[in-house]
Amino acid sequence: MPISSALSLKQLLKETKRDWDHDGIPTNVRENLWKVMNCGTAALGAEVFASPTEIKIIYHTCKSRFCHSCGARSAAIWQSEVELAIPDIPYPGNQSHDATRVLAYISAESSFAE
Ligand SMILES: [Zn+2]
């Protein structure tokens, strides 16, 4: 089957499902691909909110780190938590990479302490 260059990840997974959804692929990989393919759809369930005038259905997300949507959200939350845990101190060099360098320094110190 020819694959269009403009496919979304979900579309790609749906169109190639027979290539990855079989016993030759590890179960955890298949489960993650299935969750990503169905992220935000009724297949993963939903919450229904209702008022006298309106009903709103919020479909569950997959929470997989491999999902471009859920994984990016998880990474942003993790980055915020790390930034809060790191002291706000100046570090020479490229300002945009300060947090990464400080993390590497803390990690190296931690391994010497053990
Ligand atoms: Zn997702």
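This is a predicted model: local features need pLDDT of at least 70, side-chain atom pairs count only at pLDDT 80 or more; totals for chains, interfaces and linings use all residues.
Residues are numbered from 1 along each chain as its sequence is written. Local features need pLDDT of at least 70 and side-chain atom pairs count only at pLDDT 80 or more, while totals for chains, interfaces and linings use all residues.

**Exercise 1.** State how many helices and strands the protein chain has, and give their order.

*Solution.* Helices (H or I, at least four residues) and strands (E, at least two) are DSSP runs, numbered from the N terminus. The protein chain has five helices and two strands. Read from the N terminus, the order is α-α-α-β-β-α-α.

**Exercise 2.** Determine which residues of helix 3 are buried and which are exposed.

*Solution.* A residue is buried if 20 or more other C-beta atoms, placed from the backbone, lie within 10 Å of its own, exposed if 12 or fewer, and partly exposed in between. Helix 3 spans residues 27-37, and Leu-33, Val-36 and Met-37 are buried in it. Viewed down the helix axis, these buried residues fall within an arc of 100° (taken over the directions from the axis to the C-beta atoms), so they line one face of helix 3. On the other side, Thr-27, Asn-28 and Glu-31 are exposed.

**Exercise 3.** Identify the members of the largest nonpolar core.

*Solution.* Such a core is a set of buried Ala, Val, Leu, Ile, Met, Phe, Trp, Tyr and Cys residues joined through C-beta atoms within 7 Å. The largest has six residues: Leu-33, Val-36, Met-37, Cys-39, Cys-62 and Cys-67. Of the 114 residues of the protein chain, 5% count as buried.
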